[in-house]
2 protein chains.
Amino acid sequence: MDSFSRQFEQRFAEREGQQAEPPAFDASFRARLLDLLKWRRDVRRFKRLALPEGAIERLISIACLSPSVGLSEPWRFVLVEDEMRRAAIRDCFQACNKDALEMQAPDRAALYARLKLAGLDEAPVQVSVFADRATAQGSGLGRRTMPETLDYSVAIAIHTLWLAARAEGLGVGWVSILDPSRMTAILDVPSDWVFIGHLCVGYPEAEDDTPALERAGWEQRRPPEGVVLRR
Amino acid sequence: MDSFSRQFEQRFAEREGQQAEPPAFDASFRARLLDLLKWRRDVRRFKRLALPEGAIERLISIACLSPSVGLSEPWRFVLVEDEMRRAAIRDCFQACNKDALEMQAPDRAALYARLKLAGLDEAPVQVSVFADRATAQGSGLGRRTMPETLDYSVAIAIHTLWLAARAEGLGVGWVSILDPSRMTAILDVPSDWVFIGHLCVGYPEAEDDTPALERAGWEQRRPPEGVVLRR
């Protein structure tokens with residue numbers, strides 16, 4: 001047995017002795033978790049109220065508990081605090097949003113314009129999230145045939161942050177009407193970081209169990225039966 | 001005001017009157033949620049024990065509560081039940097895994113081979129998950145500059161399923177060492193569906209709060225401070 005394998009066996013043995021008691025999740029927890037999933041919303045209207053000290057850092061540390069391909073942890077969180085950069089992101093959104101408006105039929109365009117797609121003016125905290133495609137962490141495990149799994153790991157970390165925020169009474173809005181290469185430039189991050197999403201975080205104006213786009217008549221959720229195949 | 005906008009206003013007004021009471025999430029729920037995130041694992045060893053009747057369908061319906069770009073709900077779940085198709089997926093994994101082994105240094109390759117990267121032989125339920133890039137749902141909202149947000153929505157739905165499964169005492173293993181175009185062919189799904197991941201679902205052999213790759217000495221989790229920038 002080589003030294004690497006011995007080390008591997010030893011680590012397993014050590015862990016056996018020191019493992020914490022696994023938690024048991026009961027029906028009451030599952031019901032609350034379902035509430036969390038049902039009442040998580042993509043928030044666009046925020047109160048102009050600062051987050052508690054350390055809240056965003058805590059949410060990011062919870063997001064870091066997410067699964068990642070080959071334990072690569074490729075998520076990179078950029079807290080956007082500079083007013084000039086915030087204005088540049090707002091401009092980027094407006095340019096992309098204008099193009100998107102022109103693609104919609106006139107009656108839908110009017111609706112689209114009213115949907116107020118960004119909380120960029122109101123949210124106290126803005127976080128841009130990137131995937132570090134060049135990370136050596138994980139030694140490439142599990143991502144050779146599908147390097148895009150690095151990006152998926154980051155999308156999942158955003159989701160974890162979103163759920164943790166909602167459980168603290170905070171709302172998250174994911175802005176995707178942006179130009180990824182422009183975001184990389186505005187935020188001056190390495191060029192091999194892939195832009196995944198820009199998040200607005202703050203106290204929501206309202207709580208709801210129905211997506212804003214459904215309330216507004218844009219689109220409706222469909223029954224799960226329609227998305228399941230058997231093979 | 002055109003008829004579309006009137007309808008929009010009306011829907012909002014109707015909703016005001018009928019909205020359910022928002023849930024309040026307390027510190028005890030947040031502590032359990034943190035336990036769930038800490039004890040969710042990428043499971044590779046499963047008991048040979050069937051899932052309860054209807055369990056996977058329930059987990060998929062919970063996954064459908066996930067956020068999706070423009071309410072496009074692009075997730076498509078393929079329950080893989082046919083033995084021939086399961087064997088073809090196993091072959092696909094083995095071919096990709098062999099290539100991956102050759103890329104690693106010899107000592108790491110030995111470790112890699114022992115990590116048992118797939119629960120493909122043991123898990124009672126296997127689900128392949130795809131993103132329908134051609135869906136008309138959502139009318140393209142929010143995804144013009146970043147069509148890959150459709151794929152991110154599906155990755156997030158997988159994460160929701162994962163958490164819901166863990167809360168029921170079930171484990172999920174995400175297999176990414178596969179060839180996406182081969183998966184599309186094996187499962188005979190439309191060619192504009194993008195393969196996102198193949199999931200093994202079952203009762204885990206063991207529970208743990210430390211990732212298997214960390215237990216095995218492959219890689220370690222890093223402190224969250226290292227992934228936060230301020231701009």
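The secondary structure of chain A comprises eight helices and five strands, where helices (H or I, at least four residues) and strands (E, at least two) are DSSP runs numbered from the N terminus. The structure is a predicted model, in which local features need pLDDT of at least 70 and side-chain atom pairs count only at pLDDT 80 or more, whereas totals for chains, interfaces and linings use all residues. Residues are numbered from 1 along each chain as its sequence is written, and chains are lettered from A and ligands numbered from 1 in the order in which they are written. Along the sequence, chain A follows the pattern α-α-α-β-α-α-β-α-β-α-β-α-β, and its C-alpha trace spans about 70 × 50 × 45 Å along the principal axes. Of the 231 residues of chain A, 44% count as buried; a residue is buried if 20 or more other C-beta atoms, placed from the backbone, lie within 10 Å of its own. Among contacts in chain A (C-beta atoms, placed from the backbone, within 7 Å) between residues at least 6 apart in sequence, 84% join residues at least 24 apart.

An open sheet of five strands, with mixed pairing, has the order 5(A)-1(B)-2(B)-4(B)-3(B), two strands being paired if DSSP finds at least two bridges between them. Its edge strands are strand 5 (228-230) of chain A and strand 3 (171-175) of chain B, each of which pairs on one side only, and the twist averages 30° from one strand to the next. Within this sheet, strand 1 (residues 75-79) and strand 2 (residues 125-132) of chain B pair in the antiparallel sense over five bridges, with Val78(B) standing opposite Ser128(B) in strand 2 of chain B. Helix 6 (residues 149-167) of chain B packs on the sheet, touching strand 1, strand 2, strand 3 and strand 4 of chain B, and its direction makes about 5° with that of strand 4 of chain B; axes are lines fitted to C-alpha atoms, for helices over the stretch in contact, and angles run from 0 to 180 degrees between N-to-C directions.

In chain A, five bridges join strand 1 (residues 75-79) to strand 2, the two running antiparallel, and Arg76(A) stands opposite Phe130(A) in strand 2 of chain A. Strand 2 of chain A is also joined by eight bridges to strand 4 (residues 193-202) of chain A, again antiparallel, with Ala131(A) opposite Val194(A). In strand 2 (residues 125-132) of chain A, eight of eight residues are buried. In a regular strand the side chains alternate between the two faces of the sheet. Both faces of strand 2 of chain A are covered, with Val125(A), Val127(A), Val129(A) and Ala131(A) buried on one side and Gln126(A), Ser128(A), Phe130(A) and Asp132(A) buried on the other.

The largest nonpolar core has 114 residues, and those with the most contacts inside it are Leu161(A) and Leu161(B); such a core is a set of buried Ala, Val, Leu, Ile, Met, Phe, Trp, Tyr and Cys residues joined through C-beta atoms within 7 Å. Leu161(A) touches Leu59(A), Ile60(A), Ile62(A), Ala63(A) and Val172(A), not counting residues up to four places away in sequence.

A rotation of 180° with 0.0 Å of shift along its axis superposes chain A on chain B (RMSD 0.0 Å), by least squares on the C-alpha atoms of residues with pLDDT of at least 70 in both. That is the relation of a two-fold axis, and in chain A the C-alpha nearest the axis is that of Ile156(A), 2.6 Å from it. The copies meet through the same surface, because 100% of the interface residues of chain A are also interface residues in chain B.

Terms used. A residue is buried if 20 or more other C-beta atoms lie within 10 Å of its own, exposed if 12 or fewer, and partly exposed in between; C-beta atoms are placed from the backbone. Two residues are in contact if their C-beta atoms, placed from the backbone, lie within 7 Å.
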